[in-house]
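This briefing concerns a model with two chains and is meant to be read beside the sequence and coordinates. Please keep both at hand while going through the points.

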Amino acid sequence: MRIAIASGKGGTGKTTVATNLAQVAATDGRAAAYLDCDVEEPNGHLFLKPAIQRQQSIDKLLPMVDLDRCTFCGRCSQVCRYGAIACVGKQVLIFAELCHSCGGCVLACPADALREVPKPIGELRLGMAGPIRFIEGRLNVGEAMSLPAIRAVKAASAQADLTILDCPPGTSCPVIESIRGSDLVLLVTEPTPFGLNDLKLAVEMLRALKLSLAVVLNRCDIGDDQVRQYCTSQRIAILAEIADDRAVAEAYSRGQLACVAVPSFAGRIRSLLNRLPNGAAR
Amino acid sequence: MKELVVISGKGGTGKTSVVAALASLAGRCVLVDCDVDAADLHLIFEPKVIRREDFTGGGKARIKPGHCTACGKCEELCRFDAIYFDGPGNGRVSRTFRVEATACEGCGVCADYCAENAIEFAPAICGQWFVSETRCGPMVHAKLGIAAENSGKLVTQVRRTAQQVALNQGLKLILCDGSPGIGCPVIASLTGASLALFVVEPTVSGLHDFCRVAQLAARLDVPGLLAVNKADLNEDIAEELEATAVKHAIVLAGRIPYDREVTRAQIARKTVVEASDGPAARGIRQVWSVVEEQLRVCAASQASGLVQVVNPRDKQVLALKP
């Protein structure tokens, strides 16, 4: 079972739900894996405190030109849709941050003067957080493209009874890449106008991708009733409502798992876990 | 003209609430929502749209099922796993290939190498952007299409339009609401901005993410200010945040206490300073006075070719940036 934890709006509690779900599942004897797909700002490690066993570079392929072979015909820059390679006089300029590593320029070069070389854009870290298998991708600061790093995290994931994917916020490409292939996407939201607006965007996205979804309403007592009404009207299951709790927020601020620091919170997460295989609306 | 970008690294730290409140303190300015894939600023300002434009991103490939011979070349060449063998049959073959639009990154390689010319490749409309009028001034915002990509390019479009609007209307300040993270949309929001205001929560993840986004801003040569939001949640980390900021020549703009009025104001479609004079509203007023001072400093030193970064607590010059 692969469960993606996503949200639309940031800071609604994705990492809290994801890390605590993994912890409670592992405590109950299930083989759990936690994948941090929020490669721009990976935070799961702050709470799960894994022992990292292996680190490896995440690379992106970039074209490199062999100037002895290059005839400066400019074919490479004509085919590149990203403007990532330019042929100017007797020079070929490569703009790494624009390149999507599609390989088009290499295929198009009539002089066989281009080859692809890996360039590190981040780091993959694998380890164990107690019994939980931990995998994290970490994009280098200054790198614009997170998709190759997200793909690396997903490719490294081993079989587990329960795989939790902690996703980045938003509704565009990094989220789509993270949730693709999940059995269920849990959208963590808040009962506020911002929470509702971003929930609607996330639901539209998931419906376009034809993925199963359900909602976790976090800090369920801080706002109004609009999110509940929306979920009812859209036949979306709310699998858990978690009340605002200063003790949970303080545990979070210190990097402590709330299910360890606040016993009642563990109960909430366990009942969410028990509701997981069923109750999902499409 | 000065462009202030509010940014955070971690999501949900209060960027939009702070931007909205600053707008009601700043007088007439141009508001920009750079968080194009989960835009919320319009919920507070209920903008009246006066101009609406389609945003065309990169191309997308589409296989014409009638022309496909199912040779599989496209699938072999696609680096993005965007080609699926589940398209409709066409009399010659029982199944054809299909491009999954949400996975296609628009490289066009499949179209270039299809022997049957069965693949169309055309720019796709992947969102809309708007120029609107609000009670605090003009607002430039956007809506990315469902499951669309290219948010960095849309951010750049929105910022450029805002600069034009500011020029046309003679407005001196552009106030941008940024997006979380450090990737493409954030780089597009920060590049060339006058000042970044980091809105950060005193939590281990707030600190971790602040360090990364502050590093990014430094690389892009954008001077920064720090406002600690919900500052009373963890005093120790609030102090650690401020110490980290000072080390990186980031100006301390103040602390905003946790206040339930912030959510109440949001529900009432008001900015925090419009809705209350509680602890958060007072905190944000204090932040604005420091931001305003920094905007003046950076205007003055821009005239001399240098940006002075000053610590407001002791008025010591932390750095001079060309």
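The structure is a predicted model, in which local features need pLDDT of at least 70, side-chain atom pairs count only at pLDDT 80 or more, and totals for chains, interfaces and linings use all residues. Residues are numbered from 1 along each chain as its sequence is written, while chains are lettered from A and ligands numbered from 1 in the order in which they are written. The model scores ipTM 0.94 and pTM 0.93.

**Confidence**

- Chain B has a mean pLDDT of 93, and 93% of its residues reach 70 or more; pLDDT is the predictor's confidence in each residue, from 0 to 100.

**Chain A**

- Chain A contains 11 helices and 11 strands, where helices (H or I, at least four residues) and strands (E, at least two) are DSSP runs numbered from the N terminus.
- Along the principal axes, the C-alpha atoms of chain A fill a box of roughly 70 × 45 × 30 Å.
- Of the 282 residues in chain A, 52% count as buried. A residue is buried if 20 or more other C-beta atoms lie within 10 Å of its own, exposed if 12 or fewer, and partly exposed in between, with C-beta atoms placed from the backbone.
- Among the contacts in chain A with a separation of 6 or more, 74% are accounted for by residues 24 or more positions apart; two residues are in contact if their C-beta atoms, placed from the backbone, lie within 7 Å.
- Chain A is divided into domain 1 (2–58 + 122–275) and domain 2 (60–120), with bounds that come from an automatic or database domain assignment. The centres of these two domains of chain A, taken over C-alpha atoms, are separated by 38 Å.

**Chain B**

- Chain B contains 11 helices and 13 strands, and its C-alpha atoms fill a box of roughly 80 × 45 × 40 Å along the principal axes.
- Of the 322 residues in chain B, 55% count as buried.
- For contacts in chain B between residues at least 6 apart in sequence, 72% join residues at least 24 apart.
- The domain assignment of chain B gives domain 1 (2–29 + 172–321) and domain 2 (58–125). The C-alpha centres of these domains of chain B lie 46 Å apart.

**Contact between the chains**

- Chain A contributes 51 residues to the contact and chain B contributes 50 residues.
- On the side of chain A that touches chain B, the elements giving two or more residues are α4 (104–108), α6 (173–179), α7 (193–208) and α9 of chain A. Of these, α7(A) gives the most, with eight residues.
- By class, this side of chain A has 22 nonpolar, 20 polar and nine charged residues. Ala, Val, Leu, Ile, Met, Phe, Trp, Tyr, Cys and Pro count as nonpolar, Asp, Glu, Lys and Arg as charged, and the others, Gly among them, as polar.

**Helix α7 of chain A**

- α7(A) has 16 residues and reaches 23 Å from its first C-alpha to its last, close to the 22 Å expected at 1.5 Å a residue; the expected span is 1.5 Å times one less than the number of residues.
- The buried residues of α7(A) include A:Phe194, A:Leu199, A:Val203 and A:Leu206, and also A:Asp198.
- A:Lys210, which follows α7(A), has a positive phi, near 55°.

**Helix α8 of chain B**

- α8(B) (residues 235–247) has 13 residues and reaches 19 Å from its first C-alpha to its last, close to the 18 Å expected at 1.5 Å a residue.
- The buried residues of α8(B) are B:Ile237, B:Ala238, B:Leu241, B:Glu242 and B:Ala245. They lie on the same side of α8(B) because they cover an arc of only 145° around the axis, the arc being that of the directions from the helix axis to the C-beta atoms.
- B:Asp236, B:Ala243 and B:Lys247 are exposed on the other side of α8(B).
- The buried residues of α8(B) pack against α9 (246–254) of chain A, together with β9 (195–200), α7 (204–219), β10 (224–229) and β11 (251–256) of chain B.
- Just after α8(B), B:Ala249 takes a positive phi of about 60°.

**Positive phi in loops of chain B**

- Most residues other than glycine have a negative phi.
- B:Glu46, a residue other than glycine, has a positive phi near 40°. B:Glu46 is placed in the loop between α2 (42–45) and β3 (48–63) of chain B, and is exposed, with 10 other C-beta atoms within 10 Å.
- B:Ala70 is not a glycine, yet has a positive phi of about 60°. B:Ala70 lies in the loop between β3 and α3 (73–77) of chain B, and is partly exposed, with 19 other C-beta atoms within 10 Å.
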